Amino acid sequence: MNKNLVVGCTLLGVTSLFFIGKRSGEELSLPKCTLDKVVETPVHFFADESLSNNRIQAFIEYSNLVLKNSCVPMERTLAGITRINLSDFDGQGSGKLHQQLLKSVGSSTLEPMQDAGSYYVLILPKTHPFAQDGTAGTAHVNFSRNFLVLSEDAEVHILEHELGHLAWAWHNDTPQYWLKGQLLSEHHQHIKPYAFGALCREAGTIMTYAEKTLPIYSSPSFEYYGKACGDEETANNAQHMKEFAESLM
């Protein structure tokens, strides 16, 4: 996911959006919800000493804000932080980076993290080749349902974005035929027609590349300045994530 997304617009356009938004109600309108049961999804981080614990905690807290706002019965928990030497890690692909992580910490460390609903994250320095093309994070479901990679300077919403992918949630502009071409045939059953992100005015839900990311999954029940941030048939990732959470209970 590129973190240097630039969208040009005129001053007049910005001013118009401001006044239209103010006339249309609250900035972000969310319905009230009550969660009777919440499933915990532990997330373990592997990073070097340069990344602070507070930074890692910020990733977790933002993810939980998104889930709470979206009324998803799920909570991200910080399972642990393992400090490792990343000086010998090279390459950019998930597979190669995972092999290097496996060599560094051993299979006995990673295997317990490979159960459904458990995740582990490799966070690489911003100077690493992984981030040199603007990549902030990646998760490849063909390779692993539990593993993802982040750049240390990724914005805090990127963790939940990649965790969304590992739960079969997709971008707003990804065609289903393209997904079927990219995913192994055994995974096609997980492609739901409503599991896509949405744009609402100049902003977008967590699974989009919008200039402004809103702390929500897509849903027709959520509004940004009076504009629905989803559609029941094509953009209801909040519902999809609820169903995913319930599958883990």
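Me: Over which residues does pLDDT stay under 50?

Reply: Over residues 2–24. This is a predicted model. For that stretch the model has 22 contacts beyond four places in sequence. For the protein chain, the mean pLDDT is 89. Of its residues, 90% reach 70 or more.

Me: How do I read a pair of packed helices, and what is the angle between α2 and α5?

Reply: Two packed helices are described by the angle between their axes and the distance between the axes. Now the case here. Helix α2 covers residues 53–69 and helix α5 covers residues 158–166. They pack at an angle of about 60°, and their axes are 8 Å apart. That angle makes α2 oblique to α5.

Me: Is the crossing of α2 and α5 left-handed or right-handed?

Reply: The crossing is right-handed.

Me: Which residues of α2 meet α5?

Reply: From α2 come Phe59, Ile60, Ser63, Val66 and Leu67. They meet Leu159, Glu160 and Leu163 in α5. By class, the residues of this contact are six nonpolar, one polar and one charged.

Me: Next, the sheets. What is the strand order in the sheet of five strands?

Reply: The order is β3-β2-β4-β6-β5. The sheet is open, and its pairing is mixed. At the edges stand β3 (74–83) and β5 (137–138). Each has a single partner strand, so one side of each lacks a neighbour in the sheet.

Me: In which sense do β2 and β4 pair?

Reply: In the parallel sense, over four bridges. Strand β2 spans residues 39–47, and strand β4 spans residues 119–124. Phenylalanine 45 stands opposite valine 121 in β4.

Me: Which strands does α3 lie across?

Reply: Helix α3 (residues 94–105) lies across β2, β4, β5 and β6 (147–151). It runs at about 100° to β4. Helix α5 also packs on the sheet, touching β2, β3, β4, β5 and β6. The direction of α5 makes about 155° with that of β6.

Me: What is the order of the sheet of three strands?

Reply: The order is β1-β10-β11, in an open sheet with antiparallel pairing. Here β1 (28–29) and β11 (227–229) stand at the edges. Each has a single partner strand, so one side of each is left without a neighbour in the sheet.

Me: How many bridges join β1 to β10?

Reply: Two bridges join β1 to strand β10 (residues 219–224), and the strands run antiparallel. The bridge partner of serine 29 is glutamate 223, in β10.

Definitions and conventions:
Residues are numbered from 1 along each chain as its sequence is written. This is a predicted model: local features need pLDDT of at least 70, side-chain atom pairs count only at pLDDT 80 or more; totals for chains, interfaces and linings use all residues. Side-chain values use heavy atoms; hydrogens and water are left out. Axes are lines fitted to C-alpha atoms, for helices over the stretch in contact, and angles run from 0 to 180 degrees between N-to-C directions. Angles under 35 degrees count as roughly parallel, over 145 as roughly antiparallel, 65 to 115 as roughly perpendicular and the rest as oblique. A crossing is left-handed if the near helix is turned anticlockwise from the far one by less than a right angle, and right-handed if clockwise. Contact means heavy atoms within 4.5 Å. Ala, Val, Leu, Ile, Met, Phe, Trp, Tyr, Cys and Pro count as nonpolar, Asp, Glu, Lys and Arg as charged, and the others, Gly among them, as polar. pLDDT is the predictor's confidence in each residue, from 0 to 100. Two strands pair if DSSP finds at least two bridges between them.
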